[in-house]
Amino acid sequence: MSKPSAPAPSHPSPPPHSAASTHEVPRRGVIAGLLAVLFGGLVTILPAGIGGAFFLDPLLRKKKGGSGGDSKIDADGFIIMPTAIEAKLPEDGTPQLFKVVADLQDAWNKFPNTEIGSVFLRKEENGSVSCFNSRCPHLGCTVNYKADEKKYICPCHDSAFSLDGTRSNEIPPRNLDSLEVKSKDGVLWVKFQNFVTGKHEKKPL
C-alpha cells in the first residue's frame, strides 16, 4: 500500500488592506496641497495689500482731511485776494486786472502759490465790487481793458465787451463770465471758475 502524501505546508496569507488605509495617503496629499495653495496665496496677497494701502493712503487722507488745511480757499470755494486790494480799486470804476493764486494739491504733492487765472475787479458806483474772469468766452485768450474806449478787447480775435461785461460784437458767443465776489473782514474773496469756451451757455469746466 502506498503511503498518503504529506500535506503541503501552509503559508499565512497577508492581512487584507482596509478601505481607510487605502485612501489615507491620497487624502493626506490633498490636504497638504490645499495648505500649500493657501499659504502661497497669503504670501502673494499680504505684500499686495500692504502696497495697495501705501498707494491709497494719500488719497484716503485727502478724502478725510480735505485740501490739507489750505486757508486760501474757504469752505464755499472762495479764494482770498491780496490784502487791501479793494482800497486799490479806482473810484471812477476803471477795472483792474489781478492774478488769482491758490495752493493746489493732488494726492501726493502740494503746489503752493500757483497762479490759476486772473480776474478784472471794478468798483461800482454804489461801492460794491464786480468781478469778471479775464478769459475771453470765445476761445480763452486773456482780454485787455482799453481805458480810452472803456471796453474789454480780446487781442486774439477782436472780441469786444462793454464796461459791464456785455459783448459789443458777435464774435464772442456770450458776455464776459462774471464771478461771485464777497468782502469778509476787509478782505476780498473771489469764487474763481473757468468756463467752457465757444458756447452760448455758461458751463463751468
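Helices (H or I, at least four residues) and strands (E, at least two) are taken here as DSSP runs and numbered from the N terminus. The structure is a predicted model, in which local features need pLDDT of at least 70 and side-chain atom pairs count only at pLDDT 80 or more, whereas totals for chains, interfaces and linings use all residues. Residue numbers start from 1 along each chain as its sequence is written, and side-chain values rest on heavy atoms, with hydrogens and water left out.

**Overall architecture**

The protein contains one helix and nine strands, arranged along the sequence in the pattern α-β-β-β-β-β-β-β-β-β. Of its 205 residues, 27% are buried, where buried means under 20% relative accessible area, exposed means over 50%, and partly exposed lies in between (1.4 Å probe, protein chains only). The accessible surface comes to about 14,000 Å², and 60% of that area belongs to carbon and sulfur atoms; such areas come from the Shrake-Rupley method with a 1.4 Å probe, and for residues only the protein chains shown count as cover. Among contacts (heavy atoms within 4.5 Å) with a separation of 6 or more, 47% link residues 24 or more positions apart.

Two strands are said to pair if DSSP finds at least two bridges between them. Strand 2 and strand 3 pair in the antiparallel sense over nine bridges, with Val101 standing opposite Glu115 in strand 3, and a hairpin of four residues joins strand 2 to strand 3. Strand 3 also runs antiparallel to strand 4, to which five bridges join it; Leu121 has Cys131 in strand 4 as its bridge partner. The hairpin formed by strand 3 and strand 4 has five residues between them, and Gly127 in the turn has a positive phi of about 95°.

**Nonpolar cores**

A nonpolar core is a set of buried Ala, Val, Leu, Ile, Met, Phe, Trp, Tyr and Cys residues joined through side-chain atoms within 4.5 Å. The largest such core has 16 residues, of which Met81, Val119, Leu121, Leu179, Val190 and Phe192 touch the most other members. Two or more residues come from each of strand 2 (96-105), strand 3 (110-123), strand 4 and strand 9 (187-190), and strand 2 gives the most, with three residues. Beyond its neighbours within four places in sequence, Leu121 is in contact with residues including Met81, Ile85, Phe98, Val129, Ser130 and Val190. A second, separate core of eleven residues includes Phe120, Phe132, Tyr145 and Tyr152.

Ser130 is found in strand 4 (residues 129-133), Ser134 in the loop between strand 4 and strand 5 (144-146), and Lys182 in strand 8 (residues 181-184).

| Residue | Relative accessibility | Class |
|---|---|---|
| Ser130 | 16% | buried |
| Ser134 | 2% | buried |
| Lys182 | 25% | partly exposed |

Polar contacts are pairs of N or O atoms within 3.5 Å; within protein, one atom must be able to donate a hydrogen and the other to accept it, and residues adjacent in sequence count only if both atoms are side-chain atoms. The side chain of Ser130 makes such a contact with the side chain of Glu124 (2.7 Å), and, not counting residues up to four places away in sequence, Ser130 touches Phe120, Leu121, Arg122 and Glu124. With neighbours within four places again left aside, Ser134 is in contact with residues including Leu97, Phe120 and Val143. The side chains of Lys182 and Asp74 are joined by a polar contact of 2.8 Å. Lys182 and Cys131, 51 residues apart in sequence, lie 10.0 Å apart in space, C-alpha to C-alpha.
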